[in-house]
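Have a look at it first, then we'll dig in.

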Amino acid sequence: MFDPYPKIHALGYKGTEKLSQLPVYVSEKLDGSNVSIHCLGHPDLPQFKELRLASRTRWIDCESKQFFPFILWVKEHEQQLLDGLEPGEALWGEFCNNHNVLKYDRKSPFVMFDLSRTDAATGERTFVSPSLWCSYFTKRNFEPHDPISCVAWQFVDSLSSVVDLLQAWNTSGSMLGGTIEGVVIKNYAHKSDYGEPLFVKIVNEHFKEDFKKTYAAGDSLEETLCQIVFSEARFRKGVQRLKENEEYTESVKDIPKILSIIQKDIQEESMETIKEFLLKKYWTSAKKLLSYKVVARYKQELGLKMNGK
C-alpha cells in the first residue's frame, strides 16, 4: 500500500493556525509533478533492498511514458541511490518537464523537496528537516547536486518574514529560471490540530487557482461560485493529473474523470474561499434579518410573561 505525500493546504487552513507562532522552513513551490523514490527492503537485510518509484498517490511502472525523463534519471543513478538510501527512506521531489502551467528556462527530472523515514516496526513516517539534509547527504556519500538537486530553502523565525522572502524570490526568479509559482512553509517539529504534518503554501496571486472577480448583478449564485473556483489553471491541473494517473485517452471518455478530479480539488482547496464569499455576500443582510427575528421573539417572550404565562 502506498502512503502518499501529505496534502499541502493554503496558508491559514483550519488546524494550521499555530504556524504563526513557530519558526518555519520556507522553500520554492515548483510547478511540476510530484514524484518520489522509495527504498524498500528489511533493515536487517540491506543486500536485498530495492528502489521503487511513485507519483502523487500511486506506484508507477518503470515503463511509464509520462514519467520517462524521471525514470531514466533514476536508472542512470540507480546504484548511487541504492548505496545511499536505507530501507524505509524516501526522497520526495518534483518532476519539472514544462508540462504544467509554468514554463521554466530549464527542465529537471527530479528536484528534491523532502526526505522521509518510515519505521519498519511501527510504520510511523517522519520527515527530515532541510537543515539536516547536508549532513545526511555527506554521510551517504552524495555530493552536492550529484545526483540530487534540492529546492532552495531558508529558515526564518516567524511567518512575518515569509512575505519579504517571497518578494525577494519573485525578484530573483525560480531556481530553474523564470517565474516563481509560490512558496511552501513547513515546521517539522509540530503537527497540525488534526495530527498532520504542519505544511502549508502561498501561491502568487497571478497563479492562484481561485480568481476573485467582479460579477454582473444578474449572475446566479451557482454561476458566481463556478466563476470563483474554476479557472484555466485549475482545468490544466485536472488534465495533468489524469495524465499522471496514466488514464488520459484524449477522447470524450476523459470527461467524467477530469470532472471528478476538479471537483475533488475544489473541495480540498477552495472551501474557505467559498465560505468567505458567502459570508461577505450574505451575512450583512442575514444579520439584519436575524435582528428582526430576535427582537420579535423577545417581544413575544415579554408578552407571555406579562400575561402570566
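**Pockets, a cavity and a helix pair**

Q: How much space lies in the second largest pocket?
A: This is a predicted model, where local features need pLDDT of at least 70, side-chain atom pairs count only at pLDDT 80 or more, and totals for chains, interfaces and linings use all residues. Residues are numbered from 1 along each chain as its sequence is written, and side-chain values use heavy atoms, leaving out hydrogens and water. On a 1 Å grid over the protein atoms alone, a pocket is an open set with protein on both sides within 12 Å along at least five of seven lines. Taking volume as the space filled by probe spheres set on the grid points, joined across faces, edges and corners, the second largest pocket holds about 360 Å³.

Q: Which residues lining the second largest pocket are the closest to its centre?
A: Lining residues have an atom within 4 Å of a point, and there are 19 of them here. Strands E3 (33-40), E6 (89-96) and E7 (108-118) each give two or more, strands being DSSP runs (E, at least two residues) numbered from the N terminus. The closest to the centre are Asp3, His38, Leu40, Gly88 and Thr118.

Q: Which element gives the largest share of the lining of the largest cavity?
A: A cavity is a set of points where a 1.4 Å probe fits but cannot get out, and the largest cavity has a volume of about 50 Å³. Its lining includes Tyr25, Val26, Ser27 and Trp153. Strands E2 (24-29) and E11 (182-191) each give two or more residues, but the largest share, 3 residues, comes from E2.

Q: Are H6 and H7 perpendicular or oblique to each other?
A: Helices are DSSP runs too (H or I, at least four residues). The axes, lines fitted to C-alpha atoms over the stretch in contact, with angles from 0 to 180 degrees between N-to-C directions, cross at roughly 120° for H6 (residues 232-244) and H7 (residues 255-269). Under 35 degrees counts as roughly parallel, over 145 as roughly antiparallel, 65 to 115 as roughly perpendicular and the rest as oblique. H6 and H7 are therefore oblique.

Q: Which residues in H7 does H6 meet?
A: Contact means heavy atoms within 4.5 Å. From H6, Arg234, Phe235, Lys237, Gly238, Val239, Arg241 and Leu242 take part. In H7 they meet Lys257, Ile258, Ile261, Ile262, Asp265, Ile266 and Glu269.
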